[in-house]
Amino acid sequence: MKILSVILTGFVAVEHVFILVLEMFLWKSEFGMKVFQLTPETAEITAKLAKNQGLYNGFLAAGLFWALFFIKDQTQKFQTILFFLICVVVAGIYGSATAKFSILFSQGLPAFLALVVHYVANKK
C-alpha cells in the first residue's frame with residue numbers, strides 16, 4: 001500500500017509538471033490552444049495569466065517531489081504530502097466550479113485517490 005501511495009503521489013506531481021509546461025510554455029501553441037480550447041486571440045490575451053497559473057502548479061509539484069524524495073522524517077513526510085494533496089484536491093474542486101467541470105476528474109480525482117491511499121497506508 002505504501003508503494004501505491006508513492007506511485008499515485010508521484011503521478012500527481014508529474015501531472016502538475018505537465019500542466020506547468022502547458023500553461024507556461026505551450027499556452028499559445030497549437031497543442032496548448034487545443035487542450036484549453038482557446039482561440040489564438042484568447043490565448044494571446046491570457047498568456048501572462050496562464051504563466052502565473054502554471055507557476056502555481058509547479059509549486060504543487062515541487063512540494064510533492066520534495067516530500068517524496070527529500071524529507072526523511074516520516075511524520076513530516078506524511079503531513080507534507082497530505083497538505084499538498086489536499087491543496088490539489090481543493091484546486092480541482094474550485095477549478096471545476098469556476099473554469100471547467102472536467103478539472104474535477106483530470107486533477108481532483110487523481111489527487112483525491114492519492115490522498116486516500118496515502119492516508120490509509122501511513123496512518124498509525
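In which helix is Thr9 found? Thr9 is found in helix 1, and the sections below set this residue in the context of the whole chain.

## Basis of the model

This is a predicted model, in which local features need pLDDT of at least 70 and side-chain atom pairs count only at pLDDT 80 or more, while totals for chains, interfaces and linings use all residues. Residues are numbered from 1 along each chain as its sequence is written, and side-chain values use heavy atoms, with hydrogens and water left out.

## Overall fold

The protein chain has five helices and zero strands, where helices (H or I, at least four residues) and strands (E, at least two) are DSSP runs numbered from the N terminus. Along the sequence the pattern reads α-α-α-α-α, and the C-alpha atoms fill a box of roughly 55 × 25 × 20 Å when taken along the principal axes.

Of the 124 residues in the protein chain, 42% are buried; buried means under 20% relative accessible area, exposed means over 50%, and partly exposed lies in between (1.4 Å probe, protein chains only). Contact means heavy atoms within 4.5 Å, and among contacts between residues at least 6 apart in sequence, 62% join residues at least 24 apart. The chain exposes about 7700 Å², of which carbon and sulfur atoms supply 72%, the areas coming from the Shrake-Rupley method with a 1.4 Å probe and, for residues, with only the protein chains shown counting as cover.

Leaving aside residues up to four places away in sequence, Thr9 touches Leu64, Leu68, Ile81, Leu85 and Ala114.

Ser96 lies in helix 4 (residues 74-98) and, at 14% relative accessibility, also counts as buried. A polar atom of the Ser96 side chain lies 2.8 Å from the backbone oxygen of Ile93. With residues up to four places away in sequence not counted, Ser96 touches Phe101, Ile103 and Leu104.

## Aromatic pairs

Rings of Phe, Tyr and Trp (its six-membered ring) pair if their centres lie within 6.5 Å, with planes under 30 degrees apart counting as stacked, over 60 as edge-to-face and the rest as tilted. By this rule the count comes to six aromatic pairs. Among them are Phe65 and Phe69, whose ring centres are 6.2 Å apart and whose planes stand at 20°, so the pair is stacked. Both residues lie in helix 3 (residues 40-69), four residues apart, or about one turn of the helix; Phe65 is partly exposed at a relative accessible area of 25%, and Phe69 is partly exposed at 48% relative accessibility.

The rings of Phe78 and Tyr119 have centres 6.1 Å apart and planes at 40°, so this pair is tilted. The pair links distant parts of the chain, with Phe78 in helix 4 and Tyr119 in helix 5 (residues 103-122), 41 residues apart. Phe78 counts as buried at 17% relative accessibility, whereas Tyr119 is partly exposed with a relative accessible area of 42%.

## The nonpolar surface patch

Patches are made of residues with over 30% relative accessible area and no salt bridge, like charges being joined within 9 Å and nonpolar side chains (Val, Leu, Ile, Met, Phe, Trp, Tyr) within 5 Å. A nonpolar patch of about 1200 Å² is made by residues including Met1, Ile3, Phe101, Phe112 and Tyr119. The elements that give two or more residues to the patch are helix 1 (2-25) and helix 5, and helix 5 gives the most, with seven residues. Phe101 lies in the loop between helix 4 and helix 5 and is exposed, with a relative accessible area of 54%.

Side chains of opposite charge can pair when their charged atoms come close. The structure holds one salt bridge, defined as a side-chain nitrogen of Lys or Arg within 4 Å of a carboxyl oxygen of Asp or Glu. Glu44 forms a salt bridge with Lys28, the closest N and O atoms being 3.4 Å apart. This pair links distant parts of the chain, Glu44 being in helix 3 and Lys28 in the loop between helix 1 and helix 2, 16 residues apart. Lys28 is partly exposed at 43% relative accessibility.

Most residues other than glycine have a negative phi. Gln37, although not a glycine, has a positive phi of about 55°. Gln37 sits in the loop between helix 2 (30-35) and helix 3 and is exposed, with a relative accessible area of 62%.

Notes:
Polar contact = N/O pair within 3.5 Å; in protein donor to acceptor, adjacent residues only side chain to side chain.
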